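The points are grouped by topic below.

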Amino acid sequence: TITVQHNYVTGLNATKDDGGGIYTNATQSDSNTNHYALNILNNIVANSQGAPLGTPGSVVGNATGIYLDDNATGVTVSGNTVTNCITGLLLHQARNNVITGNTFFNNTIAQIFMQHNTPTLALKNNIISNNIIYSVTKTQQNIYLLTNMLVNDITRCATFSNNYYSPTIDNIFPFNINSKLVNLQLWQNVYGKDAGSKNTVGLPYYSISMPSKRSSFTNTAFNR
């Protein structure tokens with residue numbers, strides 16, 4: 001058993017791109033080889049930077065909080081907090097992993113990003129449950145699935161249940177399925193995902209107004 005726990009990781013991927021604060025892969029294995037007993041527990045990962053210089057277009061960089069890359073299997077990710085990264089959790093062709101009890105908050109592109117682009121590898125049989133998945137702006141996605149094999153991957157990529165999600169912001173739905181945006185209700189009813197999951201309650205903005213710059217108390221002795 002290998003356990004990565006109780007770390008604080010910040011400022012990651014300042015000089016190199018396509019990495020993670022906590023990263024693992026099994027790229028030399030095929031999709032029939034299973035690995036076991038890697039635990040990523042109770043870490044805080046924050047403030048990834050990315051290093052997109054020299055790349056074409058408007059690439060923002062790939063700097064992920066927790067990154068399970070090619071054919072990563074048998075990983076338990078639990079009790080972690082990932083915030084202010086480009087992506088919170090990236091499952092890139094990863095399978096048979098358990099993602100539970102984490103908080104993914106205010107990550108730029110997506111809180112959880114799942115990607116599949118190599119036919120010989122698989123994105124399947126992951127369990128994603130009891131997490132807090134919270135986007136702060138309408139340009140962020142709660143869940144982002146990008147795949148060349150949507151028909152297969154939408155059903156097998158992961159089992160979702162009992163997660164708490166941030167609500168829709170300005171009518172921009174926060175679930176992205178190959179660039180098709182849906183809300184939690186469509187994610188549940190159309191795709192059959194996330195039974196028992198809920199949107200968090202949005203609190204309105206408020207301001208405190210005072211009649212003057214100074215507060216006064218009628219009982220200045222504070223004896224009653």
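**Packing and contacts in the predicted model**

Tyr191 has a relative accessible area of 22% and is therefore partly exposed, given that buried means under 20%. The coordinates come from a predicted model.

**Aromatic rings**

- A pair of aromatic rings is described by the distance of the centres and the angle of the planes.
- The count of aromatic pairs comes to seven.
- One of them joins Tyr23 and Tyr67, with 4.9 Å centre to centre and 80 degrees between the planes, an edge-to-face arrangement.
- Tyr23 belongs to strand 3 (residues 19–24) and Tyr67 to strand 6, so this pair ties together parts that are 44 residues apart in sequence.
- Tyr23 is partly exposed, at 36% relative accessibility, whereas Tyr67 is buried, at 3%.
- The pair of Trp187 and Tyr191 is tilted, because the planes stand at 50 degrees, with the ring centres 6.0 Å apart.
- Trp187 has 0% relative accessibility and counts as buried.
- Trp187 and Tyr191 are linked by ring pairs into a cluster with Phe160, Tyr165 and Phe175.

**Nonpolar cores**

- In soluble globular proteins, nonpolar side chains tend to be buried together.
- The largest nonpolar core holds 37 residues, and those touching the most other members are Ile66, Leu68, Leu91, Met114, Ile143, Phe160 and Trp187.
- Strand 6 (residues 63–68) supplies the largest share of this core, three residues.
- Another core, of five residues, lies apart from the largest one and includes Tyr67, Leu90, Ala110 and Phe113.
- Leaving out residues up to four places away in sequence, Met114 touches Leu91, Leu123, Ile128, Ile143, Tyr144, Leu145, Leu146, Cys157, Ala158 and Phe160.

**The site around Ser135**

- Ser135 sits in the loop between strand 14 (132–134) and strand 15 (141–147).
- The relative accessible area of Ser135 is 3%, so the residue is buried.
- A polar contact of 2.8 Å connects the side chains of Ser135 and Asn142.
- The side chain of Ser135 also reaches the backbone oxygen of Gln141, at 3.4 Å.
- Not counting residues up to four places away in sequence, Ser135 touches Gln111, Gln140, Gln141, Asn142, Ser166 and Ile169.

Notes. Residues are numbered from 1 along each chain as its sequence is written. This is a predicted model: local features need pLDDT of at least 70, side-chain atom pairs count only at pLDDT 80 or more; totals for chains, interfaces and linings use all residues. Side-chain values use heavy atoms; hydrogens and water are left out. A nonpolar core is a set of buried Ala, Val, Leu, Ile, Met, Phe, Trp, Tyr and Cys residues joined through side-chain atoms within 4.5 Å. Buried means under 20% relative accessible area, exposed over 50%, partly exposed in between (1.4 Å probe, protein chains only). Helices (H or I, at least four residues) and strands (E, at least two) are DSSP runs, numbered from the N terminus. Contact means heavy atoms within 4.5 Å. Rings of Phe, Tyr and Trp (its six-membered ring) pair if their centres lie within 6.5 Å; planes under 30 degrees apart count as stacked, over 60 as edge-to-face and the rest as tilted. A polar contact is a pair of N or O atoms within 3.5 Å; within protein, one must be able to donate a hydrogen and the other to accept it, and residues adjacent in sequence count only if both atoms are side-chain atoms.
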